[in-house]
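This report describes selected strands, helices and contacts of one structure. The sequence and model are shown first.

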Amino acid sequence: MNLAIVGATGVVGREFIKIIEQRDFVYDSLRLFSSARSAGSSMTVKGKDYIVEELTEDSGAEIDIALFSAGGGTSKRFAPIFADKGALVIDNSSAWRMEPDVPLVVPEVNPADAVLHKGIIANPNCSTIQAVVALKPLQDSYGLKRVVYSTYQSVSGAGAAGIRDLEQGILGNSPTNFKYPIAGNLIPQIDSFLENGYTKEEVKMVNETRKIMGLPNLRVTATTVRVPVVSAHSISINVELERTFDLPDVFRALREAKGIIVQDDPSAGVYPMPITAAGRDEVFVGRIRRDESVENGLNIWCVADNIRKGAALNAVQIAELIKNQRSITLNAV
């Protein structure tokens with residue numbers, strides 16, 4: 001299996017490399033691609049040095065799986081080129097997420113959708129990924145009627161420039177990436193505003209949740225906020241369920257769900273926090289309690305590393321899923 005990483009020198013690209021090393025992702029060959037600015041540099045993967053290649057329209061031949069994290073414009077231009085040459089592109093940008101014939105996949109939630117691809121699989125928004133992992137067991141057990149998201153998103157979601165703004169802001173310097181200082185501040189805007197008053201980030205969460213969960217008419221709303229935290233996004237999720245529930249059963253469903261760790265002991269001050277979720281693969285859930293203002297209402301607090309599970313890990317998990325499916329197919333022949 002021939003693997004490629006497009007955007008290898010970026011924050012998520014480097015996390016791709018770290019994860020394939022940690023998970024011992026097996027490949028026969030590896031190629032690393034970047035813009036002309038970073039091409040020619042050297043990167044070490046699994047103890048072997050690789051020269052980063054410039055991404056051009058001649059790239060993409062003899063590649064089986066390509067992990068893309070190089071921005072929407074690059075993906076729109078180059079993902080079809082790779083796909084036309086026989087590669088499966090797993091794309092981390094927002095470029096393909098809402099295309100009807102492109103699966104939007106979180107392996108813990110909708111793995112079967114991955115087989116429907118036509119050369120491109122989209123990786124969802126970082127906040128959406130962790131949210132739907134938490135919602136999946138609730139949907140399976142009780143059905144979802146309405147979801148309200150309030151996010152607390154770390155600066156690493158804005159890349160290296162976002163991290164730099166926080167670090168420089170702590171030193172008293174002015175921001176160069178965010179519109180306002182982020183140190184000691186919250187910014188209730190992620191991405192640009194639309195005519196309806198929502199930001200693009202908020203609309204992404206609404207539409208992607210519906211697509212991943214297979215619930216096109218689900219009532220969803222979101223408010224997304226940037227906070228002065230380096231790593232890991234937090235989400236307050238208010239859910240109105242279709243059916244009645246007992247809290248112990250909700251706890252059991254979440255504890256038994258794949259990819260979730262429940263941290264919920266109020267008497268001991270145990271609950272998920274960015275500082276403990278950073279660098280981890282799992283989605284952490286806590287503060288699980290009834291919303292007593294509405295019938296069948298539930299509140300949960302959800303935290304996950306946005307660069308790992310919210311981006312690189314989810315894409316690698318999709319690649320592993322595809323590899324396993326191909327192996328099963330070959331073994332069956």
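## The parallel sheet

In this predicted model, S34 stands opposite E54 in β5. The strands concerned, β2 (residues 29–34) and β5, run parallel and are joined by two bridges. They belong to an open sheet of six strands with parallel pairing, in the order β5-β2-β1-β6-β7-β8. Its edges are β5 (53–54) and β8 (120–122), each of which pairs on one side only.

## Helices on the sheet

Helix α1 (residues 11–22) packs on the sheet, where it touches β1 and β6 (65–68). The direction of α1 makes about 150° with that of β1. Helix α2 (residues 72–84) lies across β1, β2, β6, β7 (88–91) and β8, and runs at about 175° to β6.

Strand β1 (residues 2–6) contains I5. This residue counts as buried because its relative accessibility is 0%, below the 20% cut-off. Leaving aside residues up to four places away in sequence, I5 touches G13, F16, I17, I20, L30, R31, L32, F33 and L67. Between I5 and P80 the C-alpha to C-alpha separation is 15 Å, with the two residues 75 apart in sequence.

## Strand β11 and its partners

Strand β11 (residues 233–241) has eight of its nine residues buried, so the rest of the structure largely encloses it. Antiparallel pairing over eight bridges links β11 to strand β9 (residues 144–153); here R146 has E240 of β11 as its bridge partner.

β11 also pairs with strand β14 (residues 297–304), in the antiparallel sense and over eight bridges. Within β14, N299 stands opposite N238.

Note on methods. Residues numbered from 1 in each chain as written. Predicted model: local features only at pLDDT ≥ 70, side-chain atom pairs only at ≥ 80, totals over all residues. Heavy atoms only, no water. Helix = DSSP H or I, 4+ residues; strand = E, 2+ residues; numbered from the N terminus. Buried < 20%, exposed > 50% of the residue type's maximum accessible area, 1.4 Å probe, protein only. Contact = heavy atoms within 4.5 Å. Pairing = 2+ DSSP bridges. Axes fitted to C-alpha atoms, helices over the stretch in contact; angles between N-to-C directions.
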